[in-house]
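Hi,

Here's the structure I promised to pass on. Have a look at it first, then read my notes below.

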Amino acid sequence: MCEAFHHIAMGLREFILEYFQGFWDYETPKVMVVKNTTLGVIYRSVQFLVITYFIWYVFISQKAYQESETRPESSVYTLMKGSAVHGDDILDTVEYARPSEGGDVISTILRREFTYNQMQGTCAEYFKVPNANCTKDSDCVEGDVDFDGHGTISSSHTISFMVAWFVFATVFLLPIGRRTGRCVQYYNYTFKTCEIQTWCPIEEYAVVREPPLVEAINFTVFIRNSIHFPKFKVLRGNVKDASNKREMQKYLQKCNYHEEKEPYCPNFRLSYIAEQARENFTELCRTGGVIGVFINWNCNLDLDPSHCKPKYSFRRLDLRKDLANSGYYYRFAKYYNKDGVESRTLIKAYGMRLDIIVHGHAGKFSPIPTIISTVTAMTSVGICTIICDWIMLTFIDKNEVYSERKFDEVIKEPAEPISTELSFINSYGSNHSDLSDGVPL
């Protein structure tokens, strides 16, 4: 047992000593010329691919020689313009634009549904709400809160949950009511539903739907965008420069954006936005929708800043029209006093909402990224040698001969020169080994 342990300890000692001595060895590459057409074609092909990748993609496409900035400062101001005749009424921006002060989100009303003369009171619950239909008072639990098709909530639920559902139902669903515990007739119908305390009459029963505002297809939205790249101290805008303010106002009153003819005009027709987003404007009037207006600034500041121009793209952001809860709508009310009782007209508005989203990227020549990219490219060319060495030592005939010629171990400098391939070729003025003679390929 002791002898076996001794052998293990000695072997471990020799291994550690050999590893320690080998750690201080110096390795230098040995140059060999292998005259093999197949290997040469592979070597030059890999070289070509690596060099092409760095020249075309890294330097030309990605501009790796530039210092870049991708978080610019941006400001957006919007304004809806246009008027429409709707029945006997003339509608202007105050009537159909939300919000009126502008910003990076703006919407226009395309269709409205009215519920007139609502007052606080009690009335029959909408019959399509789950558990709303009843035959007797015991079917309706007094104090339960109706959450518009999502059942009822008893007092055992938490306050935070009720608040969350209240906000969701107020914005997206129907008005909320609290059950009184009575089962009443559903307006002029023969069946009954639970009575609720809410704004009466309920929207589903008394709603009046207006026809769509088809003239909105000619409305225009003014989008003014300023972008600042603080690293390069460059400020650009999407409005065309003019010599004086009067000429600028005259230009903005007449122009409409066109990608080629008017790239600096910030007026966009709603019909053009819907077309570019591949949406049917008639369908948008029916269901509403949210469309993103993307302003992309890709600036090469090695050129004059005047070449830094915005590019626009448009895409629908909400769920498609064939899915449940698709479209865009919201509710608001107009309150008034009728016979001393607070009343309101509830308006459900379907609209086209525009979200202005700005992206910016600027680049300018800098020596530091240029040096880093150049060194990386030169280093990456070395992968060609690694690949070809692996092919030569693995797949080509006589790979044992190549291995013997490629790897030499010099332990101590000899007193007299040894006749090797290196010394033989040195006598002819060369500095590398040539394996083309005596080695069948």
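Below is what I found, starting with how to read it.

This is a predicted model, so local features are described only at pLDDT of at least 70 and side-chain atom pairs only at pLDDT 80 or more, while totals for chains, interfaces and linings use all residues. Residues are numbered from 1 along each chain as its sequence is written, and side-chain values use heavy atoms, with hydrogens and water left out.

First, the overall picture. The protein chain holds 12 helices and 20 strands; these are DSSP runs numbered from the N terminus, with at least four residues (H or I) for a helix and at least two (E) for a strand. It has 441 residues, and 36% of them count as buried. Buried means under 20% relative accessible area, exposed means over 50%, and partly exposed is in between (1.4 Å probe, protein chains only). As for contacts (heavy atoms within 4.5 Å), take those in the protein chain with a separation of 6 or more: 71% of them join residues 24 or more positions apart.

Where do you find Thr220? Look in strand E13, residues 220-229. Thr220 counts as buried because its relative accessibility is 13%. Beyond its neighbours within four places in sequence, Thr220 touches Leu79, Met80, Lys81, Asn256, Phe268 and Arg269.

Lys348 sits in strand E19 (residues 341-365). Is Lys348 buried or exposed? At 11% relative accessibility, Lys348 counts as buried. Again leaving out neighbours within four places, its contacts include Arg111, Arg112, Glu113, Glu203 and Tyr329.

Now a pair of strands. E16 (residues 289-300) and E17 pair in the antiparallel sense over seven bridges; to count as a pair, two strands need at least two DSSP bridges between them. Strand E17 (residues 310-316) has a covered face of Pro310, Tyr312, Phe314 and Arg316, while Lys311, Ser313 and Arg315 make up the uncovered one.

Finally, have a look at Trp56. This residue is in helix H2, residues 37-61, and it is exposed because its relative accessible area is 54%.

Enjoy exploring!
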